[in-house]
Amino acid sequence: MQLEANVPDYLSGDFSMYLENMTSYDDPENPDLLTNYLSSLFDQLQKMPSLFNGMVDQLAMAISTKVRIDSENLAKVTITKEPTWAEIKPFVGVHADARACITAIMTQSERDLKNAILLIHFYNSYDATPLKAESDENEQDQDYDSVSFFENDNY
């Protein structure tokens, strides 16, 4: 697996947990599982906006369907060093039904909210394509169709 853009060190642990959680609920046999889980998380968050303080990956999951991120323009912001909320905020849109909850989170835990937004941003640009294995210099390519591994091919 690879990232189009490297996740900064200050987000790497939370991003790993977020990615693992999102992929574990993304079940082709039960396509509504992830949607229902995210909805349930947001419902809990609305009742208690401080529920996920210190749990940035869970906060990101809970708000992932309630925010829209302008990732194209956010990608232009230098985020190798941790940016401020003021630098990130212009690239975030919040659905009307989530504004009160997001405002409460912003008031109580601005840093967690900012990092949750960044997790969603990196997840949206995540490329789950496996990297190609590099060939070993000592390995020789063989045409297996033309090579017989058996002395007697009389099957």
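Predicted model: local features only at pLDDT ≥ 70, side-chain atom pairs only at ≥ 80, totals over all residues.
1. Isoleucine 102 lies in helix 6. Isoleucine 102 has a relative accessible area of 7%, so it is buried, the cut-off being under 20%. Leaving aside neighbours within four places in sequence, its contacts are Ile63, Val67, Val94 and Leu113. Leucine 45 is 57 residues away from isoleucine 102 along the chain, yet their C-alpha atoms are separated by 9.4 Å.

2. Overall layout. The protein has 7 helices and 4 strands. Along the sequence these elements follow the pattern β-α-α-α-β-α-α-β-α-α-β. Of the 155 residues in the protein, 34% are buried. Where contacts join residues at least 6 apart in sequence, 76% of them link residues at least 24 apart.

3. The core. The largest nonpolar core holds 39 residues. Leu45, Ile63, Val67, Ile88 and Ile117 have the most contacts inside it. Two or more residues each come from helix 1, helix 2 (33-47), helix 3 (56-63), strand 2 (67-69), helix 5 (85-88), helix 6 (99-108) and helix 7. Helix 7 gives the most, with 7 residues. As general background, nonpolar side chains in soluble globular proteins tend to be buried together.

4. Valine 67. This is one of the core residues with the most contacts inside the core. Setting aside neighbours within four places in sequence, valine 67 is in contact with Val92, Gly93, Val94, His95, Ile102, Ile117 and Ile120.

5. Helix 3. How many residues of helix 3 are buried? The count is 8 of the 8, so the helix is largely enclosed by the rest of the structure. The buried residues are Val56, Asp57, Gln58, Leu59, Ala60, Met61, Ala62 and Ile63. Their cover includes helix 1, helix 2, strand 2, helix 6 and helix 7.

6. Helix 1 against helix 7. Helix 1 (residues 9-25) packs with helix 7 (residues 110-124) at an angle of about 60°, and the two axes are 10 Å apart. The two helices are therefore oblique to each other. Their crossing is right-handed. On the side of helix 1, the contact is made by Tyr10, Leu11, Asp14, Phe15, Tyr18, Leu19 and Met22. Helix 7 contributes Asn115, Leu118, Leu119, Ile120, Phe122 and Tyr123. By class, this contact has 11 nonpolar, 1 polar and 1 charged residues.

7. Isoleucine 79. Where is isoleucine 79 found? It sits in the loop between helix 4 (71-74) and helix 5. Apart from residues up to four places away in sequence, isoleucine 79 touches Pro8, Tyr10, Ile88, Leu118, His121 and Phe122. Tyrosine 10 is 69 residues from isoleucine 79 in sequence, and the two are 9.9 Å apart in space, C-alpha to C-alpha.

8. Ile63 is buried in helix 3 and is in contact with isoleucine 102.

Conventions. Residues numbered from 1 in each chain as written. Heavy atoms only, no water. Axes fitted to C-alpha atoms, helices over the stretch in contact; angles between N-to-C directions. Parallel < 35°, antiparallel > 145°, perpendicular 65-115°, else oblique. Left-handed = near helix turned anticlockwise from the far one by under 90°. Contact = heavy atoms within 4.5 Å. Nonpolar A, V, L, I, M, F, W, Y, C, P; charged D, E, K, R; others polar. Core = buried A, V, L, I, M, F, W, Y, C linked by side-chain atoms within 4.5 Å. Buried < 20%, exposed > 50% of the residue type's maximum accessible area, 1.4 Å probe, protein only.
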